Amino acid sequence: MFPKVEESELIKNEFSRLKGICYLDHVGSALYADSQINNVMNDLKTRLYGNPHSTGDPSEACEKLINNIRFRILEHFNTRPEKYSLVFTSGATGALKTVAECFAWDDKHYDDPLKDAVDSVCRSRGSTFAYTEDNHTSVLGMRELAPKANLLCLTRNEAHEALDEIPSSSAKKDSSVSFRNSLFAFPAQSNFSGTKYPLKWIETCQKGALDQYTGNRVKSRWFTVLDASSYVPTNHLDLDKYSPDFVAVSFYKMFGYPTGLGALLVRNKTAAAVLRRKKYFGGGTVEVVLAHDRHHVSKKDFHEKFEDGTVDFLSVVAVGHGLDTLRALAGPMRLVAERTFRLAAYLYGRMSGARHGNGFPVFRTYTDTEYRCESTQGGVVNFNVLRANGDYVGYNEVKNVASSHGIVLRVGCFCNPGACQSHLGHTDEELKRNQEVIGHICGDHIDLIYGRPTGSVRVSFGYQSSESDADKLYNTLVEQFWQNDPVIPVDRQQNTVEEYNTMDLHVSRIFVYPIKSCGAYETEEWQLEPYGFQYDRSWAVVSSTGMCITQMEEPKLCLVRPYIDLQKGTMTLVYAENKDEVPMVVPLDTKHSDTKRTGKICWGGSLEGIDCGDDVAEWLSWNLDRPGLRLIRCTGRNIAKKSYGKIDPKVLGANQCQYLLSTKSTLKWLQQEMANTITEIDEDSLLFRFRGNFVISGENLPAHAELTWEQLDIGGVKFQVRWTV
């Protein structure tokens, strides 16, 4: 379909530090080149740069260079200082925040006469802050700085319907009527799916296309803010052809270094006049200021009014070398756009055709296009992996598999909650319950909630990428997750398990896990309680943020091994079986403490408990190298009234049931499968990964037989069986 995209020797040499690593997170951050950093370091070592606000030759030279680089950035976007002013910021987020803080919300035109009747309507209606659902969190944060503005969130379809055509009523507005200032924010390219939005929306919005959606009887003077941070690294932004009022960019997204520096481009003709709400001023932004009298006069040059304090001048110097590198290695940006699109289209095509042995798809992709045109789709592929029975693979598992094969990608929601929610099909109520009841927050390790994904996997290409990168990702994921003969849940198949002697079944091993996600204590007999085995999952390690942590967050928890002495009433903790380490002894029945604690848990609700003291807290924090850890003895579980899914109140610290079970035959089957395809692993290591309380054995017991069980009788105690795949 498309010509093959090869990697040049020059590119290989410039990024030799990758050493075989397949980097596929270019939307997260571009990669800086070796020559780029060498040039920056050589520049700083051979030239003397001073504070541009100071005096002397080094300062004057630095100020001239900054102005030159300011001009070069505008030139890169095909514009000039007469049309746009450039303000250096801390990044794209800082640029967006500046617009929201300083925008003249709810202002009438400063020269227009205002009639009483119109003024009344304007005050009741106010400005509008409109934005697309598909936007970065930093754009959503702008609405908190627009307290008087009406909010208008547009879905993708609504935005196309409203903005694809210039409205027929776009005649020149009557200057005798006051208009409110309103603002529309949208991304040039989605950082979630790589969808490119039409830049012609800038003009149609400025001509009033959104007035029909605001419900205001008084029209707005519309301004546009373009979030170009994920667009400009691989596309040419032509500000001579398109004229947004504000543009936000980050330079590390473009060429990897420097970080912590971005820019706000402001259209001089209209936008400079509307950024009139700036309150704070710092060094370098005023011509005169009095200490005793509340009097100051701002600098006349636009960028000088907004660059509070000393600009990060050494980073600005590095931007100049970044622009040089981008031009030398990437070539024209239109070719970069074409290259990255072809790679994404190639990978999307391969993923779309991948099928398990039973014909079920291996991948579910999240896209708004069919990857047919570079003008509507960027170099991003967003997806989740599916098992052959239709279940989702958690994105953390995908990330770990990719990482173990030298592939760098990103998982989660990518700070784009609107696009993530839309593509994954979550409702607002579901997302609120996930946070309130399950404890799921942005950036945590919870990737599946009752089988549904909370986020996805994103791969993104840069000018350094090649077809071999796409092939490595695809081949790795198919090799690891493709199933020819999948295990299908009982409710989706006929019972084909061969007959075996149920009288021969017996409990071969018993394990207790006193501390959630820590090591096991093996015993030959143990007391049963309504919450499970006595002391099973009765303690939890709580982080400094109040979250009960598990091995998903801290794998080293498995090295904390408990030993229980019922006669002494103690639990002794040993880390990594280190006999030279002084063990920690914790009473089994902590009945009182000065500090009661609660901890949010990812498996439903929160735990209430008693703090076990500073000694064990310091021991855990030291061994796990995580400050602020506490150990709590669980005394109860609180399930919110708005519970999500079926949460059993009798389940304290285990994920779903009081007792967890595995069979020796299934473990042996999995051990053999892993030996054939991945790596050899001993039976105990595999057993402890599943953390079962019972191990059931039996003569001729086939693998997966437990999937057919509905009830189990162990020593006269009847257990109801629930299973998950």
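Predicted model: local features only at pLDDT ≥ 70, side-chain atom pairs only at ≥ 80, totals over all residues.

Reader: What is the volume of the largest cavity?

Author: Grid points are joined across faces, edges and corners, and a volume is the space filled by probe spheres set on the points. Lining residues have an atom within 4 Å of a point, and here they include His26, Gln189, Lys253, Val380 and Phe461. They divide into four nonpolar, six polar and one charged, where Ala, Val, Leu, Ile, Met, Phe, Trp, Tyr, Cys and Pro count as nonpolar, Asp, Glu, Lys and Arg as charged, and the others, Gly among them, as polar. The volume of the largest cavity is about 80 Å³.

Reader: How much space lies in the second largest cavity?

Author: Its lining includes His26, Ala30, Met254, Leu326 and Tyr463. By class, the lining has six nonpolar, four polar and one charged. The space in the second largest cavity is about 70 Å³.

Reader: Which cysteine does Cys413 join in a disulfide?

Author: A disulfide is taken here as a pair of cysteine sulfur atoms within 2.5 Å, and the structure holds one. The torsion about its S-S bond is about -45°, so the disulfide is left-handed. With S to S at 2.1 Å, the partner is Cys420.

Reader: Is Cys420 buried or exposed?

Author: Buried means under 20% relative accessible area and exposed means over 50%. Cys420 has 2% relative accessibility, so this residue counts as buried.

Reader: Which cysteine has the sulfur nearest to that of Cys518?

Author: Cys518 is buried, with a relative accessible area of 1%. This cysteine is in no disulfide, and the nearest cysteine sulfur, 8.7 Å away, is that of Cys558.

Reader: What is the strand order of the open sheet of four strands?

Author: Strands here are DSSP runs (E, at least two residues) numbered from the N terminus, and two strands pair if DSSP finds at least two bridges between them. The pairing in this sheet is antiparallel, and the order is β11-β12-β17-β14.

Reader: Which strands stand at the edges of this sheet?

Author: An edge strand here has a single partner strand, so one side is left without a neighbour in the sheet.

Reader: How many residues of β12 are buried?

Author: β12 (residues 380-385) pairs with β11 over three bridges and with β17 (residues 456-460) over four bridges. Both of its faces are covered, with Val380, Asn382 and Asn384 on one side and Val381, Phe383 and Val385 on the other. The strand is largely enclosed by the rest of the structure, because the buried residues of β12 number six of the six.

Reader: Which residue in β17 is the bridge partner of Val381?

Author: β12 and β17 pair in the antiparallel sense. Within that pairing, the bridge partner of Val381 is Val459.

Methods
Residues numbered from 1 in each chain as written. Heavy atoms only, no water. 1 Å grid on protein atoms, 1.4 Å probe; cavity = no way out; pocket = protein on both sides within 12 Å on 5 of 7 lines; lining within 4 Å. Buried < 20%, exposed > 50% of the residue type's maximum accessible area, 1.4 Å probe, protein only.
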